[in-house]
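Here are a few exercises to work through with the model open in your viewer. Try each task yourself before you read its solution.

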Amino acid sequence: MAAPQDSGPTGPGRATERILAWATSEDDVLGERAQALQDDGTATDAAFGDDVDGAQLERADRAALRRVDGLRTELEDVTEVEYRQLRLENVVLVGVYSGGASGAEDAENSLRELAALAETAGARVLDGMLQRRPNPDPATYVGRGKAEELAAIVKELGADTVIADSELSPSQRRALEDQVKVKVIDRTAVILDIFSQHATSREGKAQVELAQLEYLLPRLRGWGESMSRQAGGQVGGQGAGMGSRGPGETKIELDRRRIHTRMARLRKQIKGFGPARQAKRANRDRFEVPGVAIVGYTNAGKSSLLNRITGAGVLVENALFATLDATVRRSSTPDGREFTIADTVGFVRNLPHQLVEAFRSTFEEVAESDVVVHVVDASHPDPAAQIATVRDVLGETGARSIPEVVVFNKADLISDDERLVLRGLQPDAVFASARTGEGVDAILARIAELLPRPEVAVSLLVPFDRGDIIAMLHDRFEVLREAYEEAGTRVDAKVTEAALAQLAEFRVEPAA
């Protein structure tokens, strides 16, 4: 508000009077406004209280809501809700291979497997592209020309993501993203995503998180402020003054440090699960119960076979990596010997090294077993590659020397000619079907042949009131002959060295 003009004489005293007069006039105006607001019932008191903190907009203007057009997100049709919830990510696959016709066939099978992995992770595959070259391009994985062609395909199909069939370096991923203008991930990221979806137990979640962090650590990226630095020390030494502060720790370095800290905690947590597994294993060892582990390629039907043999009721799903946590159940051979059988995580070609390390505790069930049941999908287009992949992973876990039973599962889906081809691939294999029950008895018979047998022959005379000893001999050892005498039950059996002390009081001379 402008001060009122004064036409009177000027001077120091007169100037002061003008200023005071202007202030009084200003107070009068504010007082009149307050009185008007009181009359309208819009002010609380004449002194304004908390309603006015200085000259500002009218209360009605301050309290009003302004509508901004174009921001409405209300759905017109309720079916759009379902679409949003079930919307799948549209992806395009890309791979690189070398070699001739055999290399192209292997690359096609690998790309089909990648498509199945992407669908399991929650994506919809729109297209796939393979390029033949001796080695992946170190800059863009597929080369500049193919990257431009891939960008055109992505734009034409409206894809959201490009998935590479092998692990990309951080620089390859960034360069390819700059070319195709959409998100780029690799096979390892897809497998880790599936594992994170299927992990249920505390140990499984910790193992998956550790693998994800190991994969993420060298691939951290920063944009804008996330690359800024904190204030560092003085470059020029003590007393150098302003302008000499050197670069400190960047935000991305802080993230790396947090990831290292979290990984150390996860390793400690996973290590803490070890004693519980060791206690269970020690209990089985104390009772000398042999162990069998079911291994195989993912989606080969391992859980279905476990359910067929033991009635375990384990989750069975036509999906990759439906089982992550080892499940142990008890079963028995046709001659009555008991053993434990464990279902383990499935394998896949190019299994990320991070997962092999993180799930090493789960693979302990395989390494500590007495027999390995290697399940192969008989209906798969390349069962030989499945067998080679599984055996490679078994070698990494130190279980390659364990006796192996190869089982071609899903035998009901193949023809007789295909059986002949598979028989040539693995002559001593067992053909089975978890769905129809075919071959289950043959599997149990092969397990009984390979399980370690007691080697010490003993003759025992067990009183009739010690039926627990007779039951233990039948459950854990091999009973050769059993006869009833006046003093008790005479048993000829084969037992282990560890059981001799427990049976010492019942030992007698062998019958003539």
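The protein chain has 18 helices and 15 strands, where helices (H or I, at least four residues) and strands (E, at least two) are DSSP runs numbered from the N terminus. This is a predicted model, so local features need pLDDT of at least 70 and side-chain atom pairs count only at pLDDT 80 or more, while totals for chains, interfaces and linings use all residues. Residues are numbered from 1 along each chain as its sequence is written, and side-chain values use heavy atoms, with hydrogens and water left out.

**Exercise 1. Find the buried residues of helix α6 and say what covers them.**

Step 1: Buried means under 20% relative accessible area, exposed over 50%, and partly exposed in between (1.4 Å probe, protein chains only).

Step 2: go through α6, residues 170-180. Its buried residues are Q172, L176, E177 and V180. They span an arc of only 130° around the axis, so they sit on the same side of α6; the arc is that of the directions from the helix axis to the C-beta atoms.

Step 3: look at what lies over them. The cover includes α5 (144-157), β3 (161-164) and β4 (183-186).

Step 4: check the residue just after α6. There K181 takes a positive phi of about 70°.

**Exercise 2. Work out where E108 and R112 lie and how they pair.**

Step 1: An α-helix has 3.6 residues a turn, so residues three or four places apart point the same way.

Step 2: check the distance. E108 forms a salt bridge with R112, with the closest N and O atoms 3.8 Å apart. The rule asks for a side-chain nitrogen of Lys or Arg within 4 Å of a carboxyl oxygen of Asp or Glu.

Step 3: E108 is partly exposed at 37% relative accessible area, and R112 is exposed at 51%.

Step 4: stay in α4 (residues 101-121) and find E105. E105 is partly exposed, with a relative accessible area of 49%. Its C-alpha atom is 9.5 Å from that of D382, which is 277 residues away along the chain.

**Exercise 3. Which parts of the chain does the D165 and R187 pair link?**

Step 1: find the pair. The side chains of D165 and R187 meet in a salt bridge, 2.5 Å from N to O. D165 is in the loop between β3 and α6 and R187 is in helix α7 (residues 187-198), so the pair links distant parts of the chain, 22 residues apart.

Step 2: check burial and partners. Both D165 and R187 are buried. Together with E113, they are linked in a network of salt bridges.

Step 3: count over the model. The salt-bridge rule gives 20 of them.

**Exercise 4. How do helices α8 and α9 cross?**

Step 1: compare the axes. Those of α8 (residues 202-216) and α9 (residues 251-272) come within 10 Å and cross at roughly 150°. The helices are therefore roughly antiparallel.

Step 2: list the contact. Among the residues making it are A206, L210 and L213 of α8 and I259, M263 and L266 of α9; contact means heavy atoms within 4.5 Å.

Step 3: recall how the angle is defined. Axes are lines fitted to C-alpha atoms, for helices over the stretch in contact, and angles run from 0 to 180 degrees between N-to-C directions. Under 35 degrees counts as roughly parallel, over 145 as roughly antiparallel, 65 to 115 as roughly perpendicular, and the rest as oblique.
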